[in-house]
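Hi everyone, thanks for coming. Have a look at the picture first.

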Amino acid sequence: MNQSHKMLMAEYTRPWKLVTLAIGIALLILGSFYYPAPDWDIPISLIMATLAYLTAPWCLRVIVERRWRHWPAMLAATWFTVDGCYWLYWHFMNPIALDLMREANFVASLALYEICGFIWLYRGSLRQLASEIRSLIRQLLAHRQG
């Protein structure tokens, strides 16, 4: 396994990221019981959450870092996660639910996808993040006083 694959696996297996994924999946599953939407069930919740976990941080990084040559892949990954897998699943499970809910699902799923990308964008542990935030606050305070 090369260095970039090791770094990628380290990010996917960070405890804080896995915990937030588990919390998100639990909320999606609870939502599928609480809200009577015809297109919200446990399998699609698991599929879309897993794909978001795997792709959203990378897609957001492509945008933030202006990696123009990766935009076609980023757009494809975003579309597939937000709409493509949803269409594929409901096309076979219940085409009527797909027709009724696809447009509304796209808007909600895209917003959640962007939020997930932002949450999982940071590369590092929670301890490292806290240290960087403290350092940034110290720098801002020093700049204000100077």
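One term before we start: a residue is called buried when its relative accessible area is under 20%. Please also keep in mind that this is a predicted model.

Now to the rings. Searching the whole structure turns up seven aromatic pairs. Let's take Tyr-12 and Tyr-53: their ring centres are 5.8 Å apart and the planes sit at 45°, so this pair is tilted. Where do the two partners come from? Tyr-12 belongs to helix α1, residues 3–12, while Tyr-53 belongs to helix α3, residues 42–64; the pair links distant parts of the chain, 41 residues apart. Tyr-12 and Tyr-53 are both buried.

Here is another pair, Tyr-34 and Tyr-35. Their ring centres are 4.8 Å apart with planes at 90°, so we call this one edge-to-face. Tyr-34 counts as exposed because its relative accessibility is 64%. Tyr-35, at 47%, counts as partly exposed.

Back to Tyr-53. Together with Tyr-12 and Trp-120, Tyr-53 forms one aromatic cluster. Beyond its close sequence neighbours, within four places, Tyr-53 has contacts that include Glu-11, Lys-17, Leu-21 and Trp-120.

And what about the largest nonpolar core? The core has 17 residues, and those touching the most other members are Leu-21, Tyr-53, Cys-59, Tyr-113 and Trp-120. Helices α2, α3, α4 and α5 each give two or more residues to this core. Which one gives the largest share? That is α3, with six residues. Apart from this core lies another, of eight residues, including Met-48 and Trp-90.

Notes
Residues are numbered from 1 along each chain as its sequence is written. This is a predicted model: local features need pLDDT of at least 70, side-chain atom pairs count only at pLDDT 80 or more; totals for chains, interfaces and linings use all residues. Side-chain values use heavy atoms; hydrogens and water are left out. Rings of Phe, Tyr and Trp (its six-membered ring) pair if their centres lie within 6.5 Å; planes under 30 degrees apart count as stacked, over 60 as edge-to-face and the rest as tilted. Helices (H or I, at least four residues) and strands (E, at least two) are DSSP runs, numbered from the N terminus. Buried means under 20% relative accessible area, exposed over 50%, partly exposed in between (1.4 Å probe, protein chains only). A nonpolar core is a set of buried Ala, Val, Leu, Ile, Met, Phe, Trp, Tyr and Cys residues joined through side-chain atoms within 4.5 Å. Contact means heavy atoms within 4.5 Å.
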